[in-house]
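Please look over the model shown here.

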Amino acid sequence: MTATTMAPGSTQLRVLKFGALQAKVEIINRFTRPSALGHLIVPAVLVVVFLNVDVSDFLGGQGATGMLAGIAAASLFVGGFVGICGELVAEQDDGTMLRVRTLPYGLAGYLVGKTLSLWVTGVVTALLLLIPADIFVAPILPGTILGWAALTGVAVLTLFATVPMGSVVGSLIKSPLAIFPISLVAYALMSVSGIFFSIASMPDWLTVPIKVFPVYWLGLLSRVTLVPGTTFDSAGQAVTAIGVPVAWAALGLILAPRALRVMTRRQSGARLEALAQRRAARGY
């Protein structure tokens with residue numbers, strides 16, 4: 001076999017190794033610092049709320065389990081979309097993206113590593129929510145290998161539907177202050193996408209755009225996976241529930257590499273020096 005025929009596979013292997021190494025370092029740093037304790041706050045608050053508030057009538061009678069399943073999917077959505085936006089902005093300013101540009105396969109490996117690290121972080125965050133809820137609130141974790149496989153599939157689909165598009169948005173942002181309105185939009189979309197209450201109570205003109213975005217369908221997939229007795233209304237709904245997130249994932253995977261290449265072209269030593277001087281002049 002010639003070197004030419006081996007080159008594509010060799011390149012892909014190097015990209016995966018680069019990404020896996022980056023993901024390993026980021027995951028270790030993320031969960032070995034004191035700030036990692038922040039991942040316990042939301043699960044603790046939710047357990048207390050569900051133990052003291054009657055939510056049995058929410059989401060068409062699905063109650064706490066339906067809401068918990070939706071919140072788990074929402075946490076993956078926010079972690080993927082908002083998480084990658086915030087990290088891209090921060091790493092433009094600290095010189096990381098400039099260093100990535102100089103590495104062989106750096107950009108592709110960077111995107112792979114971010115996807116892996118955010119997926120692991122999202123899964124850990126979701127499990128920190130679901131395990132205490134399963135113990136103290138109501139049984140929600142899958143009881144079979146097939147159920148766990150379905151839950152893993154939902155998690156993978158959620159990250160692929162959010163991280164690439166989040167990287168596209170993050171690559172367009174030049175100021176950390178812009179993360180705030182983007183976060184507000186993400187949380188607003190999550191709040192009206194059937195995570196906390198059924199969209200049947202909303203006006204028809206609002207439900208149409210909601211179903212264009214993947215959040216509603218990811219929440220539905222999560223409830224079908226985790227809430228006993230919950231099924232799709234039809235085969236067509238099942239296809240749409242998978243198809244909409246897949247379409248967003250495909251669009252993101254097409255646009256993300258191009259957007260990141262444009263962003264890295266903006267990176268230079270002169271830009272970082274000018275940014276440092278502005279910060280020194282402001283005092284922060």
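## An arginine and its surroundings

Setting aside residues up to four places away in sequence, R30 touches A36, E87, S117, L118 and T121, where contact means heavy atoms within 4.5 Å. The model is predicted: local features need pLDDT of at least 70, side-chain atom pairs count only at pLDDT 80 or more, and totals for chains, interfaces and linings use all residues. Residues are numbered from 1 along each chain as its sequence is written, and side-chain values use heavy atoms, with hydrogens and water left out.

R30 sits in helix 1 (residues 3–31). Its side chain makes a polar contact with the side chain of E87, at 2.7 Å. A polar contact is a pair of N or O atoms within 3.5 Å; within protein, one must be able to donate a hydrogen and the other to accept it, and residues adjacent in sequence count only if both atoms are side-chain atoms.

## Overall make-up

The protein has eleven helices and zero strands. Helices (H or I, at least four residues) and strands (E, at least two) are DSSP runs, numbered from the N terminus. Buried residues make up 43% of the 284 residues. Buried means under 20% relative accessible area, exposed means over 50%, and partly exposed lies in between (1.4 Å probe, protein chains only). Among contacts between residues at least 6 apart in sequence, 78% join residues at least 24 apart.

Beyond its neighbours within four places in sequence, Q22 contacts G109, Y110, G113 and K114.

E91 belongs to helix 3. With neighbours within four places left aside, E91 is in contact with E26, T96, M97, Y110 and K114.

S175 is in the loop between helix 6 (145–172) and helix 7. The C-alpha atoms of S175 and V89 are 6.9 Å apart, although the two residues are 86 apart along the chain.

| Residue | Relative accessible area | Class |
|---|---|---|
| Q22 | 14% | buried |
| E91 | 14% | buried |
| S175 | 30% | partly exposed |

Helix 7 (residues 179–191) has 13 residues and reaches 18 Å from its first C-alpha to its last, close to the 18 Å expected at 1.5 Å a residue. The expected span is 1.5 Å times one less than the number of residues. Which residues of helix 7 are buried? They are I179, I182, S183, A186, L189 and M190. These residues cover an arc of only 125° around the axis, so they are on the same side of helix 7. The arc is that of the directions from the helix axis to the C-beta atoms. On the other side of helix 7, F180 and V185 are exposed.

Helix 9 also has 13 residues, which should span 18 Å at 1.5 Å a residue; its end C-alpha atoms are 18 Å apart, in agreement. Eleven of its 13 residues are buried, so helix 9 is largely enclosed by the rest of the structure. Among those buried are P214, G219, S222 and R223.

## Nonpolar cores

A nonpolar core is a set of buried Ala, Val, Leu, Ile, Met, Phe, Trp, Tyr and Cys residues joined through side-chain atoms within 4.5 Å. The largest has 31 residues, and F50 and F77 touch the most other members. Helix 2 (41–52), helix 3, helix 5 (106–136), helix 7 and helix 9 (214–226) each give two or more residues to this core. Helix 3 supplies the largest share, 13 residues. A second, separate core of 17 residues includes I84, L88, Y110 and A155.

## Aromatic pairs

How many aromatic pairs does the structure hold? There are three. Rings of Phe, Tyr and Trp (its six-membered ring) pair if their centres lie within 6.5 Å; planes under 30 degrees apart count as stacked, over 60 as edge-to-face and the rest as tilted.

F77 and F81 form a stacked pair, 6.1 Å centre to centre with 10° between the planes. Both lie in helix 3 (residues 63–93), four residues apart, about one turn of the helix. F77 and F81 are both buried.

The ring centres of Y216 and W217 are 4.8 Å apart and their planes lie at 80°, so this pair is edge-to-face. Y216 and W217 are both buried as well.
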